[in-house]
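Biologist: Please show me how to read the features of this model one at a time, giving the general idea and then the case at hand.

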Amino acid sequence: MRILVAVKRVVDYNVRIRVRADGTGVDTAGVKMSMNPFDEIATEQAVRLKEAGVATEVVAVSIGEAKAQDTIRTALAMGADRGIHVAADASLEPLAVAKVLSALARRECPGLILLGKQAIDDDANQTAQMLAALLGWGQGTFASQLNIEDGTARVVREIDGGLETLSLKLPCVVSADLRLNEPRYASLPNIMKAKSKPIDALTLGELGVDATPRLDVLAIEAPAPRQAGQILGSVAELVEKLKTEAKVI
Amino acid sequence: MRTLVLAEHDNLELKAQTLNAVTCALALGRVDVLVAGADCQAVADAAASIQGVDKVLLADAIHLKHPLAEDVAPPLVQLAVDYDALLAPATTSGKNVMPRVAALLDVQQISDICAVVDADTFKRPIYAGNAIATVRSLGAKKVITVRATAFDSAPIGSQRAPIETIEAPPPANVSTFVSAELTQSNRPELSCAGVVISGGRGMGSGESFALLEAVADQLGGAVGASRAAVDAGFAPNDTQVGQTGKVVAPELYIAVGISGAIQHLAGMIESRVIVAINSDPDAPIFRVADYGLVADLFDVLPELAQELEQ
């Protein structure tokens, strides 16, 4: 079985982002970029399935500017076998991304497609669900456990109020939540080895995807700041303030 | 403009977030509600009494008992022809179903909106709430998930909107529900509670969460946790408050032993009053708190529970 894993290049999760004063966006010049943390978890899961003998090949896909190839190299260093880079504008919308991935799925015929549940830049949480819809496949979103057996994927999902277990026919789409696994750090030898692994280059036109934006981003602004309040001296004072000043208890 | 809101429910009760989504939908136009489930007449009755709702559509079928996206999306897609916008609260269920609906309709969904600017323009948080994007939909049809905490609850009235039964498309047969493990608790649900008290890494252990529970019991509140506390195994996954967990906006949020990582702030910054209890005076949580106590939580929590009891 082949696994396709989708990885996105985003502003590193440790970076405190700066919103441009003119409302045109978030400053990414000179900012550290990394693989979306949820995609790292998806990649780790794909590699573990290969190591367990469930999968035979792991293909890492990234869609975006040339630099997206760095993110593919990270996946290759973690253990993916080869990469596919689809050249596109970095701000491609989730629907367009899902269309690209579904076109690739028709070429590559994977048994499983793994993605992170959301990217930490646009926080959209859409691509996996849209991809499953376009392919007519089952979807196991927000997965915290994944087992493949007898042509089905057993997925434990994190839902409001607890956990839910689903059984999905293969092929299917699974999106990774935080606790699916703890991604490995790529070792130096594996980083070196990744440099010689192949990355195919494709364009949106070759895949027949029309990525015309459906949304117009009018402004990106910093949220209204919250003022720091008072440091109090005692529990009694706190209870008094909550009762008489804030009137919340 | 006509809108359709997907009701969140468990076949027995209508979930509160549906009421917030209805308020949001009313800002766009007329509102119908879809209840998709099995043996869920009671939910349809509850939805019919929400003020402002024109009509309730009830798709009652055994294969809709568990809200599998593969089976809930088709009735929405079928109904979409009559509506300008389809909305659902941004719960794990709404987040699971709506993008599937959007893709089948060839619509770019707008996720987790926190404000309606006009019929085509919405605000939504990005980068864990560190930026707010204003986006305008260029297409005629809209699929939207709603951040429930950003909209008031639509009131329940004494009137009753008509309930219309609709035929659900047959099951997709690509996925099957196996089981669910739901947390049993007498406390209010985290995302709708008026008071939330959350513990972080500073709690040191799962056992010490009993100290938070004692305070929560006095205030009728819910207990949450930071990602660090969940990662350390102190608290269950579904109690996590933050960018990737639950978003809460209670009247009172008490953060105990929580440093205040961006990731956590994203889930609670809209709370009306924030209290921080932390032994580290430099903890970033104090920069957003209305009231702070720089003290040992193991001293403060029992004292707070006692003080509240009096």
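Biologist: Is the crossing of H3(A) and H4(A) left-handed or right-handed?

Modeller: Before answering, note that this is a predicted model, in which local features need pLDDT of at least 70 and side-chain atom pairs count only at pLDDT 80 or more, whereas totals for chains, interfaces and linings use all residues. Residues are numbered from 1 along each chain as its sequence is written, and chains are lettered from A and ligands numbered from 1 in the order in which they are written. A crossing is called left-handed if the near helix is turned anticlockwise from the far one by less than a right angle, and right-handed if it is turned clockwise; H3(A) and H4(A) cross in the right-handed sense.

Biologist: At roughly what angle do the axes of H3(A) and H4(A) cross?

Modeller: Axes are lines fitted to C-alpha atoms, for helices over the stretch in contact, and angles run from 0 to 180 degrees between N-to-C directions. Helix H3 (residues 94-108) and helix H4 (residues 127-135) of chain A have axes that come within 8 Å and cross at roughly 50 degrees. H3(A) is therefore oblique to H4(A), given that angles under 35 degrees count as roughly parallel, over 145 as roughly antiparallel, 65 to 115 as roughly perpendicular and the rest as oblique.

Biologist: Which residues of H3(A) and H4(A) meet?

Modeller: Contact requires that the C-beta atoms of two residues, placed from the backbone, lie within 7 Å. Among the residues that H3(A) brings are Leu95(A), Leu101(A) and Ala105(A), while those of H4(A) include Met130(A) and Leu134(A). By class, this contact has ten nonpolar, two polar and one charged residues, where Ala, Val, Leu, Ile, Met, Phe, Trp, Tyr, Cys and Pro count as nonpolar, Asp, Glu, Lys and Arg as charged, and the others, Gly among them, as polar.

Biologist: How many residues does each chain give to the contact between chain A and chain B?

Modeller: Chain B gives 69 residues and chain A gives 64 residues. The side of chain B that touches chain A divides into 36 nonpolar, 20 polar and 13 charged residues. Helices take part here: the axes of H7 (residues 235-244) of chain A and H8 (residues 297-309) of chain B come within 9 Å and cross at roughly 45 degrees, and these two helices are therefore oblique to each other. Val235(A), Ala236(A) and Val239(A) meet residues of H8(B), including Val300(B) and Leu304(B), and the contact has six nonpolar, no polar and two charged residues.

Biologist: In which sense do strand E12 of chain A and strand E8 of chain B pair?

Modeller: Two strands pair if DSSP finds at least two bridges between them. E12 (residues 215-221) of chain A and E8 (residues 131-137) of chain B pair in the antiparallel sense over six bridges, with Ala219(A) standing opposite Thr134(B). They belong to an open sheet of four strands, in the order E12(A)-E8(B)-E7(B)-E6(B), with antiparallel pairing. E12 of chain A and E6 (115-118) of chain B stand at the edges, each with a single partner strand, so one side of each is left without a neighbour in the sheet. From one strand to the next the twist averages 30 degrees.

Biologist: What is the strand order of the open sheet of seven strands in chain B?

Modeller: The order is E5-E9-E4-E1-E2-E3-E10, and the pairing is parallel. E5 (110-113) and E10 (163-165) of chain B are the edge strands, each with a single partner, so each has one side without a neighbour in the sheet. The twist averages 25 degrees from one strand to the next. Helix H1 (residues 17-26) of chain B packs on this sheet, touching E1, E2, E3, E4 and E9 of chain B, and its direction makes about 150 degrees with that of E4(B).
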